[in-house]
Amino acid sequence: MQAQNAGRDRVVPAHVVREFHGLLPTVDQLHDEGWDAVHLSSTLTRRSRTGR
């Protein structure tokens with residue numbers, strides 16, 4: 001997360017990145033809200049980059 005931010009043209013302050021990351025719901029929280037399936041975009045991105 002921090003490495004990706006460091007590569008940006010306009011770097012976001014680290015405390016802002018941490019704050020927004022902390023606001024993201026967890027998989028368990030999403031299931032508790034009633035979602036039947038939760039797909040992590042990071043997992044989907046990794047698969048598409050490796051060709052799987």
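Mentor: Contact means heavy atoms within 4.5 Å. The model is predicted: local features need pLDDT of at least 70, side-chain atom pairs need 80 or more, and totals for chains, interfaces and linings use all residues. Numbering starts from 1 along each chain as written, and side-chain values use heavy atoms, without hydrogens or water.

Trainee: Which residues is Asn5 in contact with, leaving aside neighbours within four places in sequence?

Mentor: Start with its place: Asn5 is in helix 1. Now skip its neighbours within four places in sequence. The contacts of Asn5 are then Val11, Val12 and Val17.

Trainee: What is the relative accessible area of Asn5, and is Asn5 buried or exposed?

Mentor: Buried means under 20% relative accessible area, exposed over 50%, partly exposed in between (1.4 Å probe, protein chains only). Asn5 counts as buried because its relative accessible area is 6%.  In the protein's 52 residues, buried ones make up 4%.

Trainee: How many helices and strands does the protein have?

Mentor: Helices (H or I, at least four residues) and strands (E, at least two) are DSSP runs, numbered from the N terminus. Read from that end, the elements run α-α-α-α. The count is four helices and zero strands.

Trainee: What is the volume of the largest pocket?

Mentor: A pocket is an open set of 1 Å grid points where a 1.4 Å probe fits, with protein on both sides within 12 Å along at least five of seven lines; lining residues have an atom within 4 Å of a point. Here the lining includes His21, Leu24, Pro25, Leu30 and Ser42. Volume is the space filled by probe spheres on the joined points. For the largest pocket, that is about 270 Å³.

Trainee: Which helices each supply at least two residues of that largest pocket's lining?

Mentor: Look at the lining residues, among them Val27, Leu30, Ser41 and Ser42. The helices that each give at least two residues to the largest pocket are helix 3 (27-32) and helix 4 (41-50).

Trainee: Which helix gives the most to the lining of the second largest pocket?

Mentor: This pocket has a volume of about 190 Å³. Met1, Gln4, Asn5, Arg8, Val12, Val17, Phe20 and His21 line the second largest pocket. Helix 1 (2-6) and helix 2 (14-23) each supply at least two of its lining residues. With three residues, the top contributor to the second largest pocket is helix 2.
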